[in-house]
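Dear colleague,

I am passing on the structure that we spoke about, and my notes follow it. Please read them with the coordinates open beside you.

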Amino acid sequence: MNGLSQSEYETICARLGRTPNEIELGLFALNWSEHCSYKTSKRFLKLLPTTGRRVVQGPGENAGVIELENEWCVAFKVESHNHPSAVEPFNGAATGVGGIIRDILSMGARPIALLDSLRFGELTPQPPSQAPSPLCSPLPRRGEGLGVRVGEHSPPRTGERSRALFLGVVAGISHYGNCVGVPTVGGDIYFEDAYTDNCLVNVMCVGLVKRSELKRAIAAGVGNKILVVGAATGRDGIHGATFASEDLVGETEERRPNVQVGDPFTAKSLIEATLEVCRFPELIGLQDLGAGGLSTAPAEMAARGGVGIALDIEEVPLRDPTMTPYEILLSESQERMVLCVKAGSEQKFLNIFRKWGLEAAVIGEVIAERVYRIRHEGRTIAEVPIELLVGGVPQTPVDQASPGPYIFAGHWPAKANSPDEVWWPERLKALLRSPTIASKRWVWEQYDHTVQTNTVIGPGAHDAALLRVKGERFGIALTMGGNGRYCQLDPYEGGMRAVCEAVHNLVSVGAEPLGITDCLNFANPTDPEVLWSFEQVIRGMAQAAQTFELPFVSGNVSFYNQSERRKIYPTPIVGMVGLLRDLERRVPMGFQREGDLIYLVGKLSGAVGGSEFLKVFYNFIGGELEKTDLALEVALTKALLEAARRGLIASAHDVSDGGLLVALAEKSFAKGLGARVEIEDLSEEYLFGEWPTRFVVTVHPEHDREFRELLGSLPHRRLGTVGGSGLELGGRSVPIEELYRIYESALPESLR
Amino acid sequence: MRAAVVVFPGSNCDHDTYYVLKELVGVETDLLWYRQTQLDRYDLIVLPGGFSYGDYLRAGAIARFAPVVQALPEYIEKQRGIVLGICNGFQILTEAGLLPGALTKNLTRSHLTRSLSASGEGQGEVEGQGEVRFICKTVKLRVENNATPLTQLLSYGQIIELPIAHGEGRYVAPKDIIERLKRNRQILLTYYGENPNGSMENIAAIMNETGTVFGMMPHPERNSEKLLGTGDGLKIFQALVTSCQLSV
């Protein structure tokens, strides 16, 4: 089992002019895996914009880099660890954190923040729908959840597996992230049946570095030395990258040995030691050993430098001396880095790593011949051309098929039986109880989010996190997320929304969006419909990013997230970094003062398709998504940023999952301040629809005129006034305290 | 006046603490590698928070054998200066027997969350369930003794806010030790309104009998600026530095 196709094998034989030996085959299997080579996705990823004024490093290195101010740059990237987490949630998630941290470290940057987007199945088996049977009009061709009452065509939901995965993943992130000393400041969590078998664990890391101190993952200069540093190499994780390039089928238990084990203590020491040697001018380049281990990283460094590398495999520090060269090459042991340093300076580097109690050894050198040569006790045991190994993989032929009218104009049950005056509080409470919407405090209180003392706005407090840089006036705003359900219903629109929502989150705190990283989580790409949705999502994301003039500077693709029973929703996760020029101008999320005026700004009406409301109330996942108006998006976010800059906005919050009332409730929770809402329209669409491009902002009366002048013709509507201790609407009032209890206790209760 | 912040492999609040002492309080401060044993030049030695040696065996259990910790008894014996252990540093000090009691795994029977009411007292708490192994949140603390080098800039009974971030912060000690701590007024800060980790007597910070060794689970360095909260933590560092300067 090496994952190479017959035609790929034939290509290798033809290009080598011979048959590869077992070790060479192992090298190709990893370098040519989907995970490492992007052989299926590359042609689509080209659609994404990657350039911009502030881009210092676009895709191609271990992380993208954007310039902020005063020479300060942020390096950031998101990566998935889905397959390992579905098999061994604790270590799978823990090593996911470790892997992305080392990617940032490879740029010479100090990791300053982590965010994670997690997707699981439902925590509790869902009760049968209370609503009258929905009129499911034309069933989509392959039916998964699309317009089908959840559970009808899939096995019964088992909350047990999802709970176990959820608890394991959270514990793994907590274990690793806390110990390694990088604050976990944001992210999101959804619970949907589609993720029952394949949970998603996407981790984003952000690092800070001065522009002049940036490093690259490059090997250069014939005779220069190759070092491996960090942990000793063991047998863990062999074939991890090929494991991530297959469906998760059959006895996943057997896959446990494919999952690496994380050691955050060693990782922490590795961070400090690596940042120490980054000051040495003799450092040519560095890269972490991630997927593929020594079979991929040195070869990639050589490819970037246009050189070759010869490794003396017996020099690699081992946990078990009986390991074979093949095992050493394929090991994915964590907490290791490869360095290329000037010949003669090796000892200086070795000393620093040994001071930190880490392994460090010279394992090879740069050679002129552009080959990756593996030597064992002086004898060459494998040798392949770098160009063939890295980037030589033929693009996988693809087959796409649109599933026809994918956008499902499904009916949902007739409107709520004549909305009476008590109907909205019950529905709002039920939505706040939905684990996807409810407070995630239970999770993020287990993550250290205040270490490094830069967290100005942490998890759960706003749409985006906000960090300061010591000694500077500006702040860095961070967000990460994406709604897979939208993409399942309409992948193009869903892709656009993923980008727009991230923009909204940054704008809510008053920060200007600067750059994007993404993780594209999909099912098996040999399925024409999956590939079609992949392209649609990318086209939607590209369209939105181009309109906002935002570059994608790094990213990751995770395919094969499916089992015999389920495919995940097409799930693009967007991570975005923004700049707040003056921290004093940050905008809070919650209501601030009695008497402030509440406005809904943006698109003022829409439908309820694709909403959490339909799922919670009608057990129905479907409906048509409203189309995003990108021109309005740009005009609106620009105006709000200007208003924030002028200090006109008292609070701002993006209206997203759950719709308007959920957004109002969340704004109330910050200080326990209520709202008197004076709107006539009490329809399901208005109160719970999730149509795009909306914010709820509050404005102090003295700024009202200037604020409305600034908005000009942009659509906005006065919703009411901040005040009281309840949410008042249509003659009914619900105490904020009661809503807050529901919101805070829902997740812990669903774990009982 | 010179302060040292010890760096163990795995310390992760060393730079944060250094920043507060150096940049906010304005004291000459060194980062001190754990192999150092020459401590006499320092008036204040801080063992910072983090996960020394990964806390793999038990928090602080390995670090107590580090050369710098082995040198501490002599430093303390001759009353050369003040020692403060924050979070992991507190754990190391108890493991080394330089402070009484032990810090054990958090015991959180009910997961109590923040109250909405402005006073923050009692009402409005939400009760949930769950084995919480690690807790990161801002807690309220009551000043139980303000006549010490650590607390002299606070007032007796004052309520301050500091973040906690630990998995093993439940202070326990035999009854007679607790009694002695109370009698000698060695309990300096207690959790107020909510006991987040199950500590006996709500203990969050203590000192030794001579008032030269201090241990606290909350992180004053994480709330030493208004930008990050109330800024209450700065007073703790300023108080220590004032004491050191007076005795120099």
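In this predicted model, helix α6 (residues 89–105) of chain A packs against helix α7 (residues 159–180) of chain A, their axes coming within 7 Å and crossing at roughly 40°. Since angles under 35 degrees count as roughly parallel and 65 to 115 as roughly perpendicular, α6(A) and α7(A) are therefore oblique to each other, and the crossing of α6(A) and α7(A) is right-handed. On the side of α6(A) the contact involves, among others, Pro89(A), Phe90(A), Val97(A) and Ile101(A), while α7(A) contributes residues including Leu165(A), Gly168(A), Gly172(A), Tyr176(A) and Val180(A). By class, the residues of this contact divide into twelve nonpolar and seven polar, with no charged residue.

As to confidence, chain A averages a pLDDT of 89, and 90% of its residues score at least 70.

Turning to chain B, nine strands form an open sheet of mixed pairing, in the order β2-β1-β3-β4-β13-β12-β11-β8-β9. The edge strands, each pairing on one side only, are β2 (28–33) and β9 (159–166) of chain B, and neighbouring strands of this sheet are turned by 25° against each other on average, direction ignored. At the β2 end of the sheet, strand β1 (residues 2–7) of chain B runs parallel to β2(B) and is joined to it by six bridges, with Ala3(B) standing opposite Thr29(B) in β2(B). Helix α4 (residues 88–95) of chain B lies across β3 (44–47), β4 (82–86) and β13 (213–216) of chain B, and runs at about 115° to β4(B).

Which elements of chain B give two or more residues to the side that touches chain A? Of the two chains, 31 residues of chain B are in contact with 36 residues of chain A, and the elements in question are α1 (14–25), β8 (135–143) and β9 of chain B. The largest share of that side, three residues, comes from β8(B). The residues that chain B brings to the contact with chain A divide into 16 nonpolar, ten polar and five charged.

With best wishes

Key: Residues numbered from 1 in each chain as written. Chains lettered and ligands numbered in written order. Predicted model: local features only at pLDDT ≥ 70, side-chain atom pairs only at ≥ 80, totals over all residues. pLDDT = per-residue confidence, 0-100. Pairing = 2+ DSSP bridges. Helix = DSSP H or I, 4+ residues; strand = E, 2+ residues; numbered from the N terminus. Axes fitted to C-alpha atoms, helices over the stretch in contact; angles between N-to-C directions. Contact = placed C-beta atoms within 7 Å. Nonpolar A, V, L, I, M, F, W, Y, C, P; charged D, E, K, R; others polar. Parallel < 35°, antiparallel > 145°, perpendicular 65-115°, else oblique. Left-handed = near helix turned anticlockwise from the far one by under 90°.
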